[in-house]
Amino acid sequence: MNDYFVVMNPINRDIFQKFCDLTANRRCYQTSSVVPVQRNEVFNSDCVVALDAEFVSLAEDDSIDLASAVAASTAKPSVLSVGRVTAVRGNGHLTDTLLMDEYVVARDKVANHLTEFSGIRPGDLSANLSLKRLDTLKSVYVRLRYLVDSGVHFIGHGIHTDFRILNIRVPADQIIDTVQLYRLPDQRLISLKFLSWYFLGNHIQHLHGHDSAEDALTALRLYNLYEKYRSMAYADLNNSCGSGCTFVDLLAQMYELGRSLQWKVPPPQNP
């Protein structure tokens, strides 16, 4: 008789109750926007989580244009370090609420905070100075690993790059990348900022630069809109497109306008 052994995942949901908030005493007057994991909350393949990660540079070499590399998603993990990870619930009664929003304490010297692209400022990752919700990389990694192993589906804009730099392998069928959902074949990738303005009518990254919570929520809303486009009559969702309009037609219109604007989002109009 063959003996069968069931290997249990050593990481369980309790990991969400054990995060290391390194600045809690210093932030006693601030209220966190993260909604704690509920007693009856279950993470499985039916769950959707929107994720965004921001990174800082450890490279001292001025010849490396890291800001451009990050924007183009070509930076090497060896010169980047995770600075902030945000996860937003994408379905269930807690939809749109923060599951995680952690700044990661810097263990190595940060050469460039890449603030324009990360929204992270000097001092945010310092255990001695930060007023952010600061955690360890191990704590953040283990919680993400639990969600991956539970079969959760992740939504994000350029999320493949985030997981690559985080050094977390995620099965392809658990990743939904809005970069690809809103792209025509052999055409350029469209920024989250432009997609948010064009399809959602929202100006993001406008006053305070990048914010991973805002970016994750925007990616989630773009995914939900994409699902509506797939399930409803396209003409009902965009009258300017005309009868018989397809989602590809909508994307073609966006590309045409984007080229005319040189892919720059017009400034918001004053009310």
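Predicted model: local features only at pLDDT ≥ 70, side-chain atom pairs only at ≥ 80, totals over all residues.
Residues are numbered from 1 along each chain as its sequence is written, and side-chain values use heavy atoms, with hydrogens and water left out.

**The protein as a whole**

- The secondary structure consists of nine helices and six strands; helices (H or I, at least four residues) and strands (E, at least two) are DSSP runs, numbered from the N terminus.
- Of the 271 residues in the protein, 46% are buried; buried means under 20% relative accessible area, exposed over 50%, and partly exposed in between, with a 1.4 Å probe and protein chains only.
- Among contacts (heavy atoms within 4.5 Å) with a separation of 6 or more, 68% are between residues 24 or more positions apart.
- The accessible surface comes to about 15,000 Å², and carbon and sulfur atoms account for 50% of that; accessible areas come from the Shrake-Rupley method with a 1.4 Å probe, and for residues only the protein chains shown count as cover.

- Side chains of opposite charge can pair when their charged atoms come close.
- A salt bridge here is a side-chain nitrogen of Lys or Arg within 4 Å of a carboxyl oxygen of Asp or Glu, and the whole structure has seven of them.
- Salt bridges link Glu102, Arg133, Asp135 and Arg143 in a network.
- Arg133 lies in the loop between helix H2 (115-118) and strand E4 (134-135), and counts as buried because its relative accessibility is 13%.
- The side chains of Arg133 and Glu102 also make a polar contact at 2.6 Å; a polar contact is a pair of N or O atoms within 3.5 Å, where within protein one must be able to donate a hydrogen and the other to accept it, and residues adjacent in sequence count only if both atoms are side-chain atoms.

**Two other salt bridges**

- Asp101 and Arg84 meet through their side chains in a salt bridge of 3.0 Å, N to O.
- Asp101 belongs to strand E3 (residues 98-104) and Arg84 to strand E2 (residues 80-89), so the pair ties together parts 17 residues apart in sequence.
- Asp101 is buried at 13% relative accessibility, and Arg84 is buried with a relative accessible area of 6%.
- Asp149 and Arg145 form a salt bridge too, with their closest N and O atoms 3.2 Å apart.
- Because Asp149 and Arg145 are four residues apart in helix H3, about one helical turn separates them.
- Asp149 is partly exposed, at 41% relative accessible area, whereas Arg145 is buried at 17%.

**Strands side by side**

- Strand E1 (residues 48-57) pairs with strand E5 (residues 153-156) in the parallel sense over three bridges; two strands pair if DSSP finds at least two bridges between them.
- Val49 has Phe154 in E5 as its bridge partner.
- E5 also pairs with strand E6 (residues 175-177), in the parallel sense and over three bridges, and there Phe154 stands opposite Ile175.
- From E5 the chain passes through helix H4 (residues 159-166) to E6, a right-handed β-α-β crossover; right-handed means that, with the strands pointing away from the viewer, the path from the first strand over the helix to the second runs clockwise.
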